[in-house]
Amino acid sequence: MESYTGRARAPRRAVGALCLLFHTAQLMGISAGSAAIAAGPASVDAGRIQDGAGEARNWLSTGRTYDEQRYSPLRGINADNASHLGLAWYADLYVERGQEATPLVVDGIMYVSTAWSLVKAYDARTGKILWSYDPNVPRNINVNGCCDVVNRGVAAWKGKIFVGAFDGRLIALDARSGRPLWTTWTVDRTKPYTITQAPRVVKGRVIIGNGGGEYGTRGYISAYNAEDGTFAWRFYTVPGDPSQPFENEAMARAAKTWSGEWWKLGGGGAVWDSMSYDPDLNLIYFGVGNGTEWDQRARSQNKGDNLFLSSIVAVDADTGAYAWHYQATPGEEWDYDAVQQLVLADLAIGDVPRKVLMQANKNGFFYVLDRKTGALVSATPIVPVNWAHGVDMKSGRPMENGGIRYSETGKSASIMPGPVGAHSWQPMAYNPTTGLVYIPTQQVTSEFDVLSNYKVSPLGWNIGVGMRGTNVKSTGFLLAWDPVRQREAWRVPYLGPWNGGTVTSAGNIVAEGDAAGNFAVYRADNGQKLWSMFVQSGVMAAPILYEVGGEEYIAVLSGWGGAFALSAGKEAGQSGNLRNVSRVLAFKLGASGTFTFPSVDPVRVTLDPPPEPADAASVARGEPLFGQYCSVCHGGGAVSGGLTQDLRASKFLTSDVYYDIVLGGLMKDEGMVSFKPVLTRADATAVRNYVIHRANEDTKHPGPPNVSTEPERR
Ligand code: CA
């Protein structure tokens, strides 16, 4: 595939460039060391990223250091004084979709990416905005993303800030002004690729993958020169058409684990989140997502392991050449992406020091691998798991239970964990002092239903299986896990799943936001709650710690959204707060800031549906169509998780405007594209009848309300 380098469109800026440069210079004078002033803002290099202790004040890469431990050496905010924390400042992001980014702080300046891939720079001491850059991602790209239009962060390197835009561009910005310096298309724009991942910079190259494994793409990870965006190397995660030459030996080997014509739909294997780097071994590690379709019969005739799906892969940092892999879920068909954080640490296991890599996988197991060789050190479930009863230490393979492969049995299967995962993208953190890993953990069971007459669609996702919640109650909790003994140390329960990422520090604290809209600090050694504040919106993103002007801060993005909020339907409401208030929040000791109450109303859905449709056959026909084309954004059972229109309450259900929207693309600029390529008018009517039917069902049997549970403190 070709990639080219060129200038992007001029950015929309919040403030004039001159004033902005002046302010930046002023800020540097106040907060930065002399070396940083000489070099300008974001003067980050490998030495600084690796120097964890020497750079205690900063947060220079998305996982802080290349080992991605998310451990800060700062101890000014600690277990003895964290009860005195308060709100120092906040900044509204004005992009009301899910916020999943970890901020960076470099010498007093904070760099943040938001939903729709905007980038903003702030004075980290005051929250004053320095610049804002909008890549103007076309809103109709929304239809290519399963899991909200999120972005997980930026990278900084030698005066530049890098962002992967949702439409597949990699963009380098001038850290002084937010002005774009170069732009590279990293994807084939005719295919449903997206980017939500934070780039990392290794040896002067920006490393970036992409999403699309639910849609029909072939996964890969690429490297581009940070200086000018020229292409350096690429590693595919799935083999291409075997009648064509393979790109490398690893692809030839991987092709032996596939069957049928997988390449026609790409095979999946998206590299959409984690990445870490060991400078001594010169290896880059990344996680690989599930296959397209999820149904392995459709994907690979129920045969083979399907490498490198659901694997952790190590490649040479200079060339991208294959080094080793560990496949957590061979031949997977339950959406067990293996993209969760890859944390590098040196652990004493059986009194032997080991260089390990750790992952709390979506599939429920906590893996410890030897990061030189990829050999399995240990694997233990962190939640109840019913698809396997363990991992065979000799082969490294899971020991699957019977009846779990719906594509083989042709029967529905109730699987724990469900596709939301025991642990998803929400970052975990490792504290070398306590020896514990802090995992945003969830227990969610899902039912996989075999679909008859499923057809691959050119629009929307192609998972090839029906999915729904079960009567087993979902839970979510902060889990402190001992990775050496592979056992729980303590846990803090939350209302439901989809809580925030974590950070930990030398001050013996762990900080985490939750889905109900609280941000809390706990003792790292025993989980005692030290402080919390209601922040008005669910927090999914991971916090950071930094220091500026002699004071320490904890910062995090608030803003409910993401896959669970969009698709979980009624279950999404269980976690406590469906309102999206997108902000950067910064806390420090002794502060007493308060929020201006948001102008957006809490989510309250009032159902007053038209009468139950007389045509029951049409309702029945609409249900699977809704599942395939609508549920990924409008929620299972047509129950909104707060981000999108709750269709049960839509005023268009009884109007012909409904067809203008669904088939005519009337709201394409808001992200709702025309489904005319895949739905007939009769199909659209069937979907409408199904939604009206659902609204009537929920009016008769309302169950727990799907509304914000914000405390009364207006
Ligand atoms: Ca997936």
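Which residues touch the most other members of the largest nonpolar core? Met110, Tyr111, Ile161, Tyr546 and Phe587 do, in a core of 108 residues. A nonpolar core is a set of buried Ala, Val, Leu, Ile, Met, Phe, Trp, Tyr and Cys residues joined through side-chain atoms within 4.5 Å. Buried means under 20% relative accessible area, exposed over 50%, and partly exposed in between (1.4 Å probe, protein chains only). The model is predicted: local features need pLDDT of at least 70, side-chain atom pairs count only at pLDDT 80 or more, and totals for chains, interfaces and linings use all residues. Residues are numbered from 1 along each chain as its sequence is written, and side-chain values use heavy atoms, with hydrogens and water left out.

Strands (E, at least two residues) and helices (H or I, at least four) are DSSP runs numbered from the N terminus. Contacts of Tyr111 (heavy atoms within 4.5 Å) include Pro41, Ala42, Trp131, Val154 and Ile161, with residues up to four places away in sequence not counted. A second, separate core holds 54 residues, among them Leu357, Val368, Phe448 and Trp461.

The model contains 1 disulfide, defined as a pair of cysteine sulfur atoms within 2.5 Å. Cys146 and Cys147 form the link, with their sulfur atoms 2.2 Å apart. The angle about the S-S bond is -95 degrees, and the link is left-handed. Cys146 is buried at 17% relative accessible area. Cys147 is partly exposed at 25%. Cys630 is in no disulfide; its nearest cysteine sulfur, that of Cys633, lies 9.2 Å away. Cys630 is buried, at 14% relative accessibility. Cys633 is likewise in no disulfide, and the nearest cysteine sulfur, that of Cys146, is 9.1 Å away. Cys633 is buried at 16%.

On a 1 Å grid over the protein atoms alone, a pocket is an open set of points where a 1.4 Å probe fits, with protein on both sides within 12 Å along at least five of seven lines; lining residues have an atom within 4 Å of a point. The lining comprises 36 residues, and His634, Thr644, Gln645, Gly671 and Met672 lie nearest the pocket centre. Helix 9 (616-629), helix 10 (631-634), helix 11 (657-662) and helix 12 (681-700) each supply at least two lining residues.
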